[in-house]
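User: Can you walk me through this fold? I have it open beside me.
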Amino acid sequence: MAELMTIARPYAEAAFAIAKEKNQLTEWSEELANLAAIASDEAMQAMIANPAYTDENVLSVFESVLGANLSAEGKSLLAVMAENKRLAALPDLSETFEELKAVEEKRVRATVISARKATVEQKKKLSAALNAKFDAEVEITYEEDPSLIAGIKIKVGDWAIDGSAVSQLNKLGAAIAQ
């Protein structure tokens, strides 16, 4: 949900600032992933949404599940989020934190969809081009979609390029129709 992402962003930015200051990006990443996993559980979502449970009840579940793996900062974050009725945003907080971490570490995720399996040489060229374009280490996930006929689609965050034959044929069809 866009609303939960909007709610999660300030918490993620604050957690990221603390993690970066203490040089604990990996530790925070793991802890937030654990918190997000717990908050994503159906039973936990029901508990968070149920006004019959107090903040203390909900927090005790997180603490009992994570035990010693829950840091003091993690407890503080949970307490603030519980007080503000924002615990449902934990999965989005974790996702946003990971995005901030990837930017900090100059890592970018890309998805390449092609009509046929890419060769090793094509993968090397594409990787080099994307690394240069984004000035980052690009982690590429390759997918196949025979319906593209030929060419590729590339998605990196909000940036996308569609070089598929289907797309080109659709453009040509639209131009002819006018």
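**The sheet and its neighbours**

Analyst: Start with the β-α-β unit. Strand β1, helix α7 (residues 120-134) and strand β2 make one, and it is right-handed. Keep in mind that this is a predicted model.

User: How do β1 and β2 pair, in which sense and over how many bridges?

Analyst: They pair in the parallel sense, over eight bridges. β2 covers residues 137-144.

User: Is β1 mostly covered or mostly open?

Analyst: Mostly covered. β1 spans residues 107-114, and six of its eight residues are buried.

User: What is the strand order in the sheet?

Analyst: The order is β2-β1-β3-β4. The sheet is open, has four strands and shows mixed pairing.

User: Which strands stand at the edges?

Analyst: β2 and β4 (159-162) do. Each has a single partner strand, so one side of each is left without a neighbour in the sheet. On average, neighbouring strands are turned by 15° against each other, direction ignored.

User: What holds strands of a sheet together in general?

Analyst: Backbone hydrogen bonds pair them, either parallel or antiparallel.

User: Back to this one. How does β1 run against β3?

Analyst: Antiparallel, with four bridges joining them. β3 is residues 152-156. Thr-111 stands opposite Lys-155 in β3. Val-112 stands opposite Ile-154, also in β3.

User: And what about β3 with β4, how many bridges there?

Analyst: Four bridges, and these two strands run antiparallel. Lys-155 turns up again here: it stands opposite Ala-160 in β4.

User: How many residues sit between β3 and β4?

Analyst: Two. The strands form a hairpin. Gly-157 is in the turn, with a positive phi of about 60°.

User: Which residues have a positive phi without being a glycine?

Analyst: Asn-23 is one of them, at about 55°. Lys-106 has a positive phi of about 55° too.

User: Where is Asn-23, and is it buried or exposed?

Analyst: Asn-23 lies in the loop between α1 (2-21) and α2. It is exposed, with a relative accessible area of 68%.

User: Where does Lys-106 sit?

Analyst: In the loop between α6 (90-104) and β1. Lys-106 counts as partly exposed, at 45% relative accessibility.

User: Switching to helices. At what angle do α2 and α3 cross?

Analyst: At roughly 80°, and their axes come within 5 Å. α2 is residues 25-40, and α3 is residues 42-49. An angle from 65 to 115 degrees counts as roughly perpendicular. The two helices are therefore roughly perpendicular to each other.

User: Which residues make the contact?

Analyst: From α2, Ile-38, Ala-39 and Ser-40. From α3, Glu-42, Met-44, Gln-45 and Ile-48.

User: How do the residues of that contact divide into nonpolar, polar and charged?

Analyst: Four are nonpolar, two are polar and one is charged.

User: One more residue: Leu-78. Which helix is it in?

Analyst: Helix α5, which covers residues 72-83.

User: Is Leu-78 buried or exposed?

Analyst: Buried. Its relative accessibility is 1%, and the cut-off for buried is under 20%.

User: What does Leu-78 touch, leaving out residues up to four places away in sequence?

Analyst: Leu-35, Leu-59, Phe-62, Leu-70, Leu-87 and Leu-90.

User: How far is Leu-78 from Glu-13?

Analyst: Their C-alpha atoms are separated by 15 Å. Along the chain, the two are 65 residues apart.

Notes
Residues are numbered from 1 along each chain as its sequence is written. This is a predicted model: local features need pLDDT of at least 70, side-chain atom pairs count only at pLDDT 80 or more; totals for chains, interfaces and linings use all residues. Side-chain values use heavy atoms; hydrogens and water are left out. Buried means under 20% relative accessible area, exposed over 50%, partly exposed in between (1.4 Å probe, protein chains only). Two strands pair if DSSP finds at least two bridges between them. A crossover is right-handed if, with the strands pointing away from the viewer, the path from the first strand over the helix to the second runs clockwise. Axes are lines fitted to C-alpha atoms, for helices over the stretch in contact, and angles run from 0 to 180 degrees between N-to-C directions. Angles under 35 degrees count as roughly parallel, over 145 as roughly antiparallel, 65 to 115 as roughly perpendicular and the rest as oblique. Contact means heavy atoms within 4.5 Å. Ala, Val, Leu, Ile, Met, Phe, Trp, Tyr, Cys and Pro count as nonpolar, Asp, Glu, Lys and Arg as charged, and the others, Gly among them, as polar.
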